[in-house]
Amino acid sequence: MASSKKVVTRDEWERKLREVEIRKEDMNRLVMNFLVTEGLADAADRFRLESGTQPDIDLASITDRMEVKRAVQSGNVKEAIEKLNNLNPTQVFLEEIEKTVALLVFEDVKNCPYGELLDVSHRLKTASEVNAAILTSQSHEKDAKLPSLLKMLIWTQEHLNEKAVYPQINNLSTAVLEDPAV
């Protein structure tokens, strides 16, 4: 038994969207969360001045966190460990760093037990994990909320598509409502 989908016109959809209230303060907190989590200290500071939105973390710690991340990405293990110890001496990620330090004792790194740690993709992955661990240790979310909301939008649209035909956002960067093909 085939069921027909409800058809929602653009006018009806836009009217319903206008009824939804989003506070400017909430939007500002999302933007600040994104800037802080992504390590954009200068942008976060400018946004703080312009919007009056206070970050929930010391902006100086962002610079420190990004220095650790850059050191890991570039393979500068000694600098990464020093900066990490200054920033977070509990070393939540000590095992990963210790493996990387082990590379320093091998002359032929390609044949050492942890040679894969020199691979650029692994350094990028490690840098992201270190960044997330530092954020967590500073009582901050390790992932920005804005991408999660966009994922939720996509998921919701996919499930709503099963029940209705409605104008939807197909390109997140433009956020333009597109009429459905009926």
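Guide: One term before we start: buried means under 20% relative accessible area, exposed means over 50%, and partly exposed is in between. Asp-26 has a relative accessible area of 34%, so Asp-26 is partly exposed. Keep in mind that this is a predicted model.

Visitor: Okay. How many helices and strands does the protein chain have?
Guide: There are 8 helices and 4 strands.

Visitor: In what order do the elements run from the N terminus?
Guide: The order is β-α-α-α-α-α-α-α-α-β-β-β.

Visitor: What share of the residues is buried?
Guide: Of the 182 residues in the protein chain, 31% are buried.

Visitor: And how much accessible surface is there?
Guide: About 12,100 Å². Carbon and sulfur atoms account for 54% of that surface.

Visitor: Back to Asp-26. Which side chain does Asp-26 meet in a salt bridge?
Guide: That of Arg-23, at 2.8 Å from N to O.

Visitor: Is Arg-23 buried or partly exposed?
Guide: Arg-23 is partly exposed, because its relative accessible area is 44%.

Visitor: How many salt bridges turn up in the whole structure?
Guide: A search finds 8. One of them joins the side chains of Arg-10 and Asp-179, at 2.9 Å from N to O.

Visitor: Where do Arg-10 and Asp-179 sit?
Guide: Arg-10 is in helix α1, residues 10-19, and Asp-179 is in the segment after β4. The pair therefore ties together parts that are 169 residues apart in sequence.

Visitor: Which residues are linked with Arg-10 in a network of salt bridges?
Guide: Glu-14 and Asp-179. As for cover, Arg-10 is partly exposed at 27% relative accessibility.

Visitor: What about Asp-45 and Arg-48?
Guide: Their side chains meet in a salt bridge too, at 2.6 Å from N to O. Asp-45 and Arg-48 are 3 residues apart in helix α3 (residues 41-51), so about one helical turn separates them. Asp-45 is partly exposed at 29% relative accessibility. Arg-48 is partly exposed at 24%.

Visitor: New topic. At what angle do α2 and α8 pack?
Guide: About 115°, with the axes 7 Å apart. Helix α2 covers residues 24-37, and helix α8 covers residues 145-160.

Visitor: Which residues meet there?
Guide: From α2, Leu-30, Asn-33 and Phe-34. From α8, Lys-145, Leu-146, Pro-147 and Leu-149. The residues of this contact divide into 5 nonpolar, 1 polar and 1 charged.

Visitor: Is Asn-33 buried or exposed?
Guide: Asn-33 counts as buried, because its relative accessible area is 7%, under the 20% limit. Leaving out residues up to four places away in sequence, Asn-33 touches His-140, Glu-141, Asp-143, Ala-144 and Lys-145.

Visitor: And Leu-149?
Guide: Leu-149, in helix α8, is partly exposed with a relative accessible area of 39%.

Visitor: Last one. What is the phi of Ala-175?
Guide: Positive, about 55°, although Ala-175 is not a glycine. Most residues other than glycine have a negative phi.

Visitor: Where is Ala-175 found?
Guide: In the loop between β3 (168-169) and β4 (177-178). Ala-175 counts as partly exposed, at 45% relative accessibility.

Notes
Residues numbered from 1 in each chain as written. Predicted model: local features only at pLDDT ≥ 70, side-chain atom pairs only at ≥ 80, totals over all residues. Heavy atoms only, no water. Axes fitted to C-alpha atoms, helices over the stretch in contact; angles between N-to-C directions. Helix = DSSP H or I, 4+ residues; strand = E, 2+ residues; numbered from the N terminus. Contact = heavy atoms within 4.5 Å. Nonpolar A, V, L, I, M, F, W, Y, C, P; charged D, E, K, R; others polar. Buried < 20%, exposed > 50% of the residue type's maximum accessible area, 1.4 Å probe, protein only. Areas by Shrake-Rupley, 256 points an atom, 1.4 Å probe, with all protein chains shown as cover. Salt bridge = Lys/Arg side-chain N within 4 Å of Asp/Glu carboxyl O.
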